[in-house]
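Please walk me through this protein model.

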Amino acid sequence: MLPVHYEAYGLIWSSQIVMPELQLVAPEAGRKRQVDVHIESRDLTGLWTQWDVGSDNFVARDGCLFFKIEETGLFYMEQGKRIMVSPVPGADEKKVRLFLLGTCMAVIMMQRGILPLHGSAVVVDGWAYAFVGHSGAGKSTLSAALASRGYPLLTDDVVALTWDAGGRAIVSPGYPQQKLWQPSLDGFGMNKQNYATVHAEITKYAIPVQHYFYERSVPLAAIFELVPQPDHEPGPVQLEQVIGLERLHLLCSHTFRGGLIARQGLAQWLFETASRLSASVEVNRLSRTGSHFTAFEMVERIITYIRKGVHTEL
């Protein structure tokens, strides 16, 4: 089939695989911009054998990363310019796309010098606010709650960071979909019957968000780390600034698929990029205790904080 052109994370992707999650590039825009990354479907089994990786399912060589997901396929990323995928027969197409949209695109960003943080971001008064944290911390839930209050979603799951000519950190829009677990749907009063799962093996749902998706790149004002403590007694949401070297550690630890950084020889790049980011934006921590649904309480805490103008002047 002829490739289809999509736009995500500030890049144009030409794909032989249909990616319904992504934004199509308008024909007139496609003629003005060159393709940044090609996504191709290839038989990679012979190449995987040649690489002779043994028991390791992830291997990097010469600016390329190759990995294998059992019962799903082989994925190959080449020097920030190409993704090749070889699905196994009968593989769940949604699961194949999940790796393309997540790990593969994040690796391409790393190879191109774009920092991918594991988080989501919304737009408030023309500035991006990013929420990072480990899986299950509530990043998507919080951004969905903010979007419901009129603050549009910029990206979910991966926050792609670059720099403008003036040295400001910039967040590029991802694509108009959020992924929410069942408890979050319950908290928002949403019926799971209205949404498809991300793939067949998990109860995480793909939520289309075209109506509140922000399609332009935005300068980054602040980063909030979400730290849930469900085993503690319920209490108010706590917000504190992160200072000193702890900021640098926080940013490195929340790099999306950070375990693949060292494999690709990019540890020094990550240190320099995270140091630059740490020095240019405010970093905060949001803590909540108990397992109750606190998304809207967190929204009020964040918006009050922003409106008071406490964040660093940029």
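The paragraphs below go through the sheets, then the helix packing, then a few single residues.

This is a predicted model. Start with the eight-stranded sheet. Its 8 strands run in the order β3-β1-β2-β4-β8-β7-β6-β5. The sheet is open, and its pairing is mixed. Two strands sit at the edges: β3, residues 23-24, and β5, residues 58-61. Each of these edge strands pairs on one side only.

Look at the β3 end. Strand β1 covers residues 4-8 and is joined to β3 by 2 bridges. The two strands run antiparallel.

Helix α3 spans residues 93-112.

Move on to the three-stranded sheet. Its order is β14-β16-β15. This sheet is open too, and its pairing is antiparallel. β14 and β15 are at the edges with a single partner strand each, so one side of each has no neighbour in the sheet.

Strand β16, residues 204-208, pairs with both. With β14, residues 177-181, the pairing is antiparallel over 5 bridges. Here Q177 has P208 in β16 as its bridge partner. With β15, residues 196-197, the pairing is again antiparallel, over 2 bridges. On this side A196 bridges to A206 in β16, and T197 bridges to Y205. How much of β16 is buried? The strand is mostly covered, with 4 of its 5 residues buried. As a general point, side chains in a regular strand alternate between the two faces of the sheet.

Next come the helix pairs. Two packed helices are described by the angle between their axes and the distance between the axes. Take α4 and α9 to begin with. Helix α4 is residues 139-148, and helix α9 is residues 295-307. They pack at an angle of about 70 degrees, with axes 9 Å apart. The cut-off for roughly perpendicular is 65 to 115 degrees, and α4 and α9 therefore count as roughly perpendicular to each other. Their crossing is right-handed.

Which residues make this contact? From α4 come T141, L142, A145, L146 and S148. From α9 come A295, F296, M298, V299, I302 and I303. The contact of α4 with α9 has 9 nonpolar residues, 2 polar and no charged.

Stay with α4 for a moment. The helix is mostly covered, with 9 of its 10 residues buried. Among the buried residues are T141, L142, A145 and L146, which also meet α9. K139 is buried as well. Just after α4, G150 takes a positive phi of about 100 degrees.

Helix α6 is residues 245-253, and helix α8 is residues 267-280. Their packing angle is about 125 degrees, and their axes are 9 Å apart. What is the relation between these two helices? That angle makes α6 and α8 oblique to each other. The crossing of α6 and α8 is right-handed.

On the α6 side, the contact is made by R247, L248, L251 and C252. On the α8 side, L270, F271, A274, S275, L277 and S278 take part. By class, the contact of α6 with α8 has 7 nonpolar, 2 polar and 1 charged residues.

Finally, check some loop residues. Most residues other than glycine have a negative phi. Y9 has a positive one, near 60 degrees. Y9 is in the loop between β1 and β2. Is Y9 buried or exposed? Y9 is buried, with a relative accessible area of 2%.

E71 also has a positive phi, near 65 degrees. This residue is in the loop between β6 and β7. E71 is exposed, at a relative accessible area of 69%.

G54 belongs to the loop between α2 (45-51) and β5. G54 is exposed, with a relative accessible area of 61%. How far apart are G54 and T155? They are 101 residues apart in sequence, and their C-alpha atoms are 36 Å apart in space.

Methods. Residues numbered from 1 in each chain as written. Predicted model: local features only at pLDDT ≥ 70, side-chain atom pairs only at ≥ 80, totals over all residues. Heavy atoms only, no water. Buried < 20%, exposed > 50% of the residue type's maximum accessible area, 1.4 Å probe, protein only. Pairing = 2+ DSSP bridges. Axes fitted to C-alpha atoms, helices over the stretch in contact; angles between N-to-C directions. Parallel < 35°, antiparallel > 145°, perpendicular 65-115°, else oblique. Left-handed = near helix turned anticlockwise from the far one by under 90°. Contact = heavy atoms within 4.5 Å. Nonpolar A, V, L, I, M, F, W, Y, C, P; charged D, E, K, R; others polar.
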